[in-house]
Amino acid sequence: MSAPTAHCAADAAGNIVFELAGGSGAPGAASELVLRRRGGRTPADEVRLPLTGRRAVLDHGTPLAEGRWDIVHVAERGDREGRPVRPGARDVRALVDRVPGDGPVTVRVPYPTADSRLAVRCWVRSPHAEAGTIHLADGAMTVRGVLYGAEPGHGAAAEARCGTGTRESGTAPRTHRVPLTGGAGGGFSFTLPYAALAGRPVTARQLWDLWLLPAPGASAVRLARILDDVWDRGNVYVYPAHRADGWLAAPCYSGDNNLRVRLDPVD
């Protein structure tokens, strides 16, 4: 039996509507769309959506843990495997420039996988630091954004971390802090000089993850850009590199849309 195609539309509230098209065989009365979190091993890592005709709705109130959720079509309840769903038209315009409401910042973006299947990328963050504009000048990056679920207070800082949860950095854990300036409505900005990160010879690629510390002693908040329709910024947002004596530095995003600084050695 051929795999069906699903067209989908997402709204700003976090709902996603799926419409099946094509595929051999019509959906039966017990037909479902099943979302399975990649790498998950618990019952909470599977969510079943009943199909009414060829339509299924992922309601914003349905809990999804952060991660990547693959979608399969199950023709009858009790079928544990199902068939992968091919991506059709995706209307995700409502996700662009979204302003989250109260509570955890939850983002769900349907996307096509590299092997032409339909999946949903989900983020759940509380608090959340949303990166905005990045200005590059004089060997430094200035980042502006909005902090949701917390307010920058006296002594707030931005922190760059290298080698902490970043296996590819290949270095011992290091950190560097710069002051964080707060503004109205959770707005913030900070300037990070690249030279402060390259305080020792750069002999291999270094990836510095960026965090905000809203106040001394407060839990760190990961800096990312997730409030739009881009599910993987890693190869999409490319910034000019700053060249210094023996190294190059540039902002970059991870495959999970977390903001980083990348340092590479040069001859």
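**Reading surface and cores**

Q: How much accessible surface does the chain have, and what share of it belongs to carbon and sulfur atoms?

A: Happy to start there. In this predicted model, the accessible surface of the chain is about 12,700 Å², and carbon and sulfur atoms account for 52% of that area.

Q: What does the overall fold contain, and what box does it fill?

A: The chain has 21 strands and zero helices. Along the principal axes, its C-alpha atoms fill a box of roughly 65 × 45 × 30 Å.

Q: And which share of contacts joins residues at least 24 apart?

A: Counting contacts between residues at least 6 apart in sequence, that share is 62%.

Q: How many residues are buried, and where should I look for nonpolar cores?

A: The general idea is that nonpolar side chains tend to be buried together in soluble globular proteins. Here, 46% of the 267 residues count as buried. The largest nonpolar core holds 31 residues, and those with the most contacts inside it include Met141, Phe190, Leu210 and Leu223. Strands that give two or more residues to this core include strand 11 (128–137), strand 16 (187–193) and strand 21 (259–265). There is also a second, separate core of 30 residues, with Cys8, Phe18, Leu49 and Leu64 among them.

Conventions. Residues are numbered from 1 along each chain as its sequence is written. This is a predicted model: local features need pLDDT of at least 70, side-chain atom pairs count only at pLDDT 80 or more; totals for chains, interfaces and linings use all residues. Side-chain values use heavy atoms; hydrogens and water are left out. Helices (H or I, at least four residues) and strands (E, at least two) are DSSP runs, numbered from the N terminus. Buried means under 20% relative accessible area, exposed over 50%, partly exposed in between (1.4 Å probe, protein chains only). Contact means heavy atoms within 4.5 Å. Accessible areas come from the Shrake-Rupley method with a 1.4 Å probe; for residues, only the protein chains shown count as cover. A nonpolar core is a set of buried Ala, Val, Leu, Ile, Met, Phe, Trp, Tyr and Cys residues joined through side-chain atoms within 4.5 Å.
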